[in-house]
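Please consider the model shown below and follow the account that accompanies it. The paragraphs proceed from one region to the next.

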Amino acid sequence: MRPAPTPGTYPVRFGTAELLRDADRANAWMISVDGVAQSHVNLDDPTDLEFDYIRRIADVVDCLGEGPLDALHVGGAACTLPRYVAATRPRSRQLVFDADGELVALIREHLGLKGLKVRVGDGREGVSGRYDASADLVIVDAFERGVFADGLATVEFTNEVARVLRPAGTYVTNVSDGPNLPFLRRFLATLATSFPHLALLAEPGVLRGRRFGNIVVAASRVELPVADLTRRAASSAYPARCVAGEDLRELQGKARPVTDADALPSPVPPKDVFGIF
């Protein structure tokens, strides 16, 4: 039997990680790095998703038909989403790329990664090394000190994701932005260079520019399950909006795609926006 996780602080590549027990769940844990919440996992129930944006990504996954998936994850931390996919879609083949080897080792030791394949390394390089049309799903949730990981919001990386996905595959990304959504608008333009169908999920306050927050974006070469996503978003504990079609194109406006030569840094979140609770 695996020893119980040990709460405490631990040095990792991108700062100091803290492992905290959830006061309300017997075997649930929070991991943060330098005060920024990274993951929440319930070891007794991998389908118990604490973070709203994680629930929205899971909603996209749930709406992608039935059966196992071949999935790539860029950014893992405690592997909340890979655990969820493993629990809800048995026999799925998954590969996780995470750049923080020390954090991966910490998670492996204290929270376990049984049944999950995790590689330490640059996520962009990892995706570029995969075969053409080898994945049904690519999920990118990769932040460093609260900022979207460098090089993952460009046309060049988007092209690689499109190459790796099967024709009906889906690309799901978590990004964050603030007033007027300048980063999101250009990110949408970037995705549109490879994927004709886009949809996003976010809290109304974030979309109206009232506060900084997470936005989940889905992209595909085929129609996305917008009606199902809209229902799920509206009925969630913290209701969100699903934006697609003409409304999304209006939001994107005349924003230019981001390229490697014209990199656009992800906005730095205001202090304590993504802090632990």
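By class, how many nonpolar, polar and charged residues does the lining of the second largest pocket have? The lining is made up of 8 nonpolar, 5 polar and 6 charged residues. The structure under discussion is a predicted model. Its second largest pocket holds about 290 Å³ of space. The pocket is lined by 19 residues, and those closest to its centre are Arg 83, Ala 86, Leu 113, Lys 114 and Leu 116. Helix α2, residues 80-88, gives the most to this lining, with 3 residues. In general, rolling a probe the size of a water molecule over the atoms shows where empty space is left.

The buried positions in α1 are Tyr 53, Ile 54, Arg 56, Ile 57, Ala 58, Asp 59, Val 60 and Val 61.

When residues up to four places away in sequence are not counted, Arg 186 touches Ala 255, Arg 256, Pro 257, Val 258, Asp 262 and Leu 264.

The loop between β11 (165-177) and α6 contains Leu 181. Leu 181 is not a glycine, yet it has a positive phi of about 50°. Is Leu 181 buried or exposed? Leu 181 has a relative accessible area of 0% and is therefore buried.

An α-helix has 3.6 residues a turn, so residues three or four places apart point the same way. Just after α9, Gly 253 takes a positive phi of about 60°.

The loop between α4 (123-128) and β8 (135-140) includes Ala 133. Phi of Ala 133 is near 50°, which is a positive value in a residue other than glycine. Ala 133 has a relative accessibility of 38% and so counts as partly exposed. Asp 132 also lies in the loop between α4 and β8. At 52% relative accessibility, Asp 132 counts as exposed, because the cut-off for that class is over 50%. Leaving aside neighbours within four places in sequence, Asp 132 is in contact with Arg 163 and Val 164. Asp 132 and Glu 50 are 82 residues apart in sequence, and their C-alpha atoms are 34 Å apart in space.

The cysteines complete the account. How many disulfides does the structure hold? The structure holds 0 disulfides. Cys 63 is in no disulfide, and the cysteine sulfur nearest to it, that of Cys 242, is 9.3 Å away. For Cys 242, likewise in no disulfide, the nearest cysteine sulfur is that of Cys 63, 9.3 Å away. A disulfide is a covalent bond between the sulfur atoms of two cysteines. The sulfur atoms of such a pair must lie within 2.5 Å, and the separation of 9.3 Å therefore leaves Cys 63 and Cys 242 without a disulfide. Cys 63 is buried, with a relative accessible area of 15%, and Cys 242 is buried, with a relative accessible area of 16%.

Methods
Residues numbered from 1 in each chain as written. Predicted model: local features only at pLDDT ≥ 70, side-chain atom pairs only at ≥ 80, totals over all residues. Heavy atoms only, no water. 1 Å grid on protein atoms, 1.4 Å probe; cavity = no way out; pocket = protein on both sides within 12 Å on 5 of 7 lines; lining within 4 Å. Points joined across faces, edges and corners; volume = space filled by probe spheres on them. Helix = DSSP H or I, 4+ residues; strand = E, 2+ residues; numbered from the N terminus. Nonpolar A, V, L, I, M, F, W, Y, C, P; charged D, E, K, R; others polar. Buried < 20%, exposed > 50% of the residue type's maximum accessible area, 1.4 Å probe, protein only. Contact = heavy atoms within 4.5 Å.
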